[in-house]
Amino acid sequence: MTVSKDLNFCFPVRELSNDRVKMTPFEASIHSSSICSILSAHPELWAHMSTGPYQTVQDFDTNFLEAVVHRDPGVVLFAIIDKTKPPSAADGEGELAGMMSYMNSSSVNLCTEIGYIIILPSYQRTHVNSNAVGLLLQYALKLPSQGGLGLRRVQWQCSSMNARSIRAAERLGFKKEGVMKWQRVFHGGKDRGKVHNGRELPLGEQDYGRDTVVLAHCWDDWEQGGREKIQAIMDRQHVSHLDFLNAAPFR
């Protein structure tokens, strides 16, 4: 199903779903209150990201959804719905389990990135993350004739200090390409609960820094066994070793 709303995204947006998880475009009026009620008590879920944490629904809507997501045609944010749970106020097919996005997307270069990954605590170490990432990979890398976007590259970037994110990406078929040292400045990072890269800061500076690990799953990886690997992971009953606290994207 193609969503007809104006999402300001450079690719067509579809609701993505299997029997366990649904990825539906994030709507502030439906999803913000539910996710913020949990995130406000778990600022550590933003620890490796340059954005967040957010203390109120208004703060989240204004400074994340409007300022970061909606203004950028390379970003679209999805709400993750766990379809194995009963219907809820957030969705008639299940419970809100987190959020995840395409970001840094380019219709010219046929690429995107999976980021802004937040899996709420009750849904960590379950089927949720692996199925959500799997659905985004399938839509991105399938050929248009198969209902996908036919992209050539899906990227994953995270903090070098976020070992769980790196391991999860690799187990999902992403290949490590390198590390960008001092790639991100966490302005006011100490007060915002950010994780520093562990290196000595430049003389006189206090803002934390992030080294960013770059991984990717490309079209040829997909054709050379990646497709089958992802489907096998999504079909498993329990894949707790693939789910993790959070992944820290480039932004």
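User: Let's start with Pro73. Where is Pro73 found?

Analyst: Happy to begin there. In this predicted model, Pro73 sits in the loop between α2 and β3. Its relative accessible area is 42%, so Pro73 is classed as partly exposed.

User: Which residues is Pro73 in contact with, leaving aside its neighbours within four places in sequence?

Analyst: With those neighbours set aside, Pro73 is in contact with Asn8, Phe9 and Cys10.

User: Now the aromatic rings. How many aromatic pairs does a search of the whole structure find?

Analyst: A pair of aromatic rings is described by the distance of the centres and the angle of the planes. Searching the whole structure gives 11 aromatic pairs. One of them joins Phe26 and Phe60 in a tilted arrangement, 5.9 Å centre to centre with 50° between the planes. This pair links distant parts of the chain, 34 residues apart: Phe26 is in the loop between β2 (21–25) and α1 (28–39), while Phe60 is in helix α2 (residues 57–70). Both Phe26 and Phe60 are buried.

User: What is the arrangement of Phe78 and Tyr102?

Analyst: Phe78 and Tyr102 are edge-to-face, with 5.8 Å between centres and 85° between the planes. Phe78 lies in strand β3 (residues 76–82) and Tyr102 in strand β4 (residues 95–106), so their pair ties together parts 24 residues apart in sequence. Phe78 counts as buried at 1% relative accessibility, and Tyr102 is buried with a relative accessible area of 2%.

User: Which residues do ring pairs link into a cluster?

Analyst: The cluster consists of Phe26, Trp46, Tyr54, Phe60, Phe64 and Tyr116.

User: On to helix packing. At what angle do α3 and α5 pack?

Analyst: Helix α3 (residues 128–141) and helix α5 (residues 219–235) pack at about 145°, and their axes are 10 Å apart. The crossing of α3 past α5 is left-handed. On the α3 side, the contact includes Leu135 and Leu137, and on the α5 side it includes Trp222 and Ile230. By class, the contact has eight nonpolar, five polar and no charged residues.

User: Finally, confidence. Where does pLDDT stay under 50?

Analyst: Where pLDDT is low, the predicted coordinates should not be read in detail. Here, pLDDT stays under 50 over residues 239–251, for which the model has 73 contacts beyond four places in sequence. For the chain, the mean pLDDT is 93, and 92% of the residues reach 70 or more.

Notes
Residues numbered from 1 in each chain as written. Predicted model: local features only at pLDDT ≥ 70, side-chain atom pairs only at ≥ 80, totals over all residues. Heavy atoms only, no water. Axes fitted to C-alpha atoms, helices over the stretch in contact; angles between N-to-C directions. Helix = DSSP H or I, 4+ residues; strand = E, 2+ residues; numbered from the N terminus. Left-handed = near helix turned anticlockwise from the far one by under 90°. Contact = heavy atoms within 4.5 Å. Nonpolar A, V, L, I, M, F, W, Y, C, P; charged D, E, K, R; others polar. pLDDT = per-residue confidence, 0-100. Phe/Tyr/Trp six-rings, centres within 6.5 Å; stacked < 30°, edge-to-face > 60°. Buried < 20%, exposed > 50% of the residue type's maximum accessible area, 1.4 Å probe, protein only.
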